[in-house]
Amino acid sequence: MRTNTYRQRNGKQQARKKFFVRLMMFLALIGFSATSGVMLHASANQEDNAAAVTTIAESAAEASVLDTGSILCVEPGDTLWKIAKAYGPDDVSVKSYVQSIIEANDLDSASLQVGQVLRLP
């Protein structure tokens, strides 16, 4: 009878060990997957940012070649009205200068994106 109790106890211990090993392997797999996902996400964001910077630089270079006017990179809080008021000539109304900026940059609307490069006529 003592042998059966020992075997039962030994079997339970082995089952616990197997469960623990499987649990650790599962958690390691989850950790590896999460780490890989974070690294891939960071890599994708870095590539997107590099592409955006390249596009902005190309737009700025193109704008300076095509037009003798100034170029401006849109910052947070900028609107066409604020830009026209700050950079427009004194002899031109703000409304007219806004329209000139829209035409010079082939804009479909007055909404701007941060980082967008504008040619100022």
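**Packing of H2 against H3 in a predicted model**

Helix H2 (residues 80-87) and H3 pack at an angle of about 110 degrees, with 9 Å between their axes; axes are lines fitted to C-alpha atoms, for helices over the stretch in contact, and angles between N-to-C directions run from 0 to 180 degrees. H2 and H3 are therefore roughly perpendicular to each other, a label given to angles of 65 to 115 degrees. On the H2 side, Leu-80, Trp-81, Ile-83, Ala-84, Lys-85 and Tyr-87 meet Val-94, Lys-95, Tyr-97, Val-98, Ile-101 and Ile-102 of H3, where contact means heavy atoms within 4.5 Å. These residues divide into 10 nonpolar, no polar and two charged.

The model is predicted: local features need pLDDT of at least 70 and side-chain atom pairs count only at pLDDT 80 or more, while totals for chains, interfaces and linings use all residues. Residues are numbered from 1 along each chain as its sequence is written, and side-chain values use heavy atoms, leaving out hydrogens and water.

Along the sequence the protein chain follows the pattern α-β-α-α-β, with three helices and two strands; these are DSSP runs numbered from the N terminus (helices H or I, at least four residues; strands E, at least two). Buried residues (under 20% relative accessible area, 1.4 Å probe, protein chains only) make up 17% of the 121 residues.

How confident is the predictor? The average pLDDT (confidence in each residue, from 0 to 100) is 76 for the protein chain. Over residues 63-68, pLDDT stays under 50. Where pLDDT is low, the predicted coordinates should not be read in detail.

Key. pLDDT = per-residue confidence, 0-100. Parallel < 35°, antiparallel > 145°, perpendicular 65-115°, else oblique. Nonpolar A, V, L, I, M, F, W, Y, C, P; charged D, E, K, R; others polar. Buried < 20%, exposed > 50% of the residue type's maximum accessible area, 1.4 Å probe, protein only.
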